Amino acid sequence: MRSPIADYLSQLHCDLLKLTEGLPYQGIPAMAGADTSKFAIALATVDGHVYKVGDADLEFSIQSISKPFSYGLALDDQGLEAVDAKIDVEPSGDAFNEISLARETGRPANAMINAGAIATVSLVKDAETPRFARILEQFSRCAGRELQLSETIYASEALTGHRNRALAYLLRSFGIIETDPTPVLEDYFKACSVMVNTEDLAMMAATLANGGTQPTTGVQVMSAEAVQRVLSVMTTCGMYDDAGAWISAVGLPAKSGVGGGLIAVLPGQLGLAVYSPALDAHGSSVRGLAASEQISRDMGLHFVRAARIGRSVIRDHYDITQVPSATRHTEDAEKLLAKYGHGAHILELAGDLLFAGTESMVREVSELPVDVELVILDLRRVDEIDKIAVRMIGDLNRGLAAEGRTLALVQHEPFAPLEEVKYFPNRNDAVEWAETTMLLRHGSPELMPHSVAIADFAALAPLSPEDIALLDSLMVESEVADGRVIRRVGQEFGGVYFILDGKVVTSTDRGGSPTRHATLSAGMTFGEIALGGEGAQTTRVTALGRVHLKVLAAEAITALEAEHPELALRFWKAIARDAYTRVEAYLKDSGHPLR
């Protein structure tokens, strides 16, 4: 099925297309006529999955979004101390092209404004491999593909970049740039003229979110120390004189560019990129700002809210054939469940269902094969459910229902916003529902009979009709009222009980409260575990509703052994075979003990 996250981004994209304020950047002639109808959003997770909508493959110049990645390269080339000696880390509160230099030292306020970015380029090593070639390689490794320089944008930048030339020479006069500033400036213009698309930017942002490791290639592009510094400066300085409003409303390290691009980073979780060339007075994309603020609010991405990163939310994933319920089924029903039970999946979730955990869960469910009819989310080990999780679970429920599939939850108490979703207080009840659903969908009501004659009991199948008739003649028939305890723990072996109609539940006491072990219905037996004179009942057996029984009592079995020893032996073999089959089924659950 289509991911609810993809649906959300598509709807947001459609809504924000109506936002038509702003103009393309007029300071670079080659960019002044950009098509303002173009708009794209891309979101990349730290494991490399990308959601994208709109014109996400359309290329545009990276412009100032180049600055964090050049800064990271300079930090790794020179070390933090050497870079800090040339470039400060304080917010300037000024526009991106202001002359924000310290009065005494000429040190730029930070690496995100133009003066600081030009100084940054001067600190990138320029030896065996030319400096710009290394910068372009850095950008390409972050994006996960080979990027190219636009000669047209570069020529236009160089033709009109008078203010940047002035900044470069001022930096040279203070000794911040220690060599001829012209080659440095040329490489700065080239860095801004690299062509990217929105998906590239999302992957570059995700590389920062992933501690400097590119999510799809696994290449360590930037050291963890450099990433920490880059994200810190992006947080306080990346949005220039709009940084305060941004961090308050969106709460993510970010960087905008006059080419219309914008990136935001949620460390440990995702990279967000938006492209729309119509800019506001601060030089940031109008739609980019609106999209980022809406996504952060709807998905709970603000760093104050989402900074906690826990273990993977998907603790385990299996189908109901691996964890059969405590309800015993007929042999035919078991065969059908073995065939179709793979169509009912359980996802055990743990930790916090914030954005990253919700996204991984939604993606897992969305990518399930079409023959998976039932999906059970076990939420009992989830510590916190954010509003994005509530929204996406609701979307999953509706999306699965539209495809004729069903979502169910396992939770001790239903979260109010999720009351529309089917839920169960424990996994056993959920699996029992799934088994019943699969039996009704792929079998027939006969697989779950309400009443069973002694001759049709699976436990007695190896015996001949004559053997069964003789055994039947020795049995005592009884009716048991709802809630009555039929067998108690510690009682001596009382015989083998055959359920003709109704259900019983077996349980034991743990810590003063009953723990259910199995639900037995028509066609099943109990009591045989305490076989023999020294045996004792190990579980309490209680009627669920009115129960119709036949009992082959201990005295009758003793008489059978004396008068018909060969039949008694055949009977014990049949009962033992049936008990072994049940134990084998219960062992399937041993790898998933959470009830």
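Me: Which residue in S8 stands opposite Leu262?

Reply: This is a predicted model, in which local features need pLDDT of at least 70 and side-chain atom pairs count only at pLDDT 80 or more, while totals for chains, interfaces and linings use all residues. Residues are numbered from 1 along each chain as its sequence is written, and side-chain values use heavy atoms, with hydrogens and water left out. Strand S7 (residues 261-266) and strand S8 (residues 270-275) pair in the antiparallel sense over six bridges, where strands are DSSP runs (E, at least two residues; helices are H or I, at least four) numbered from the N terminus, and pairing requires at least two bridges found by DSSP. The residue in S8 that stands opposite Leu262 is Val274.

Me: Which strands stand at the edges of the five-stranded open sheet, each with a single partner strand?

Reply: The open sheet has the order S2-S1-S8-S7-S6, with antiparallel pairing. Each edge strand has a single partner strand, so one side of each is left without a neighbour in the sheet, and this applies to strand S2 (50-54) and strand S6 (254-256).

Me: In the three-stranded sheet, which residue in S5 stands opposite Gln148?

Reply: This open sheet has the order S3-S5-S4 with antiparallel pairing. Strand S3 (60-61) and strand S4 (148-149) stand at its edges, each with a single partner strand. Two bridges join S4 to strand S5 (residues 194-196), and opposite Gln148 stands Met195.

Me: How many disulfides does a search of the whole structure find?

Reply: A disulfide would need a pair of cysteine sulfur atoms within 2.5 Å, but the nearest cysteine sulfur to Cys142, that of Cys192, is 16 Å away. The sulfur of Cys237 is 17 Å from its closest cysteine sulfur, also in Cys192, and therefore too far for a bond. The search finds a total of zero.

Me: Is Cys142 buried or exposed?

Reply: Buried means under 20% relative accessible area, exposed means over 50%, and partly exposed lies in between (1.4 Å probe, protein chains only). Cys142 has a relative accessible area of 0%, so it counts as buried.
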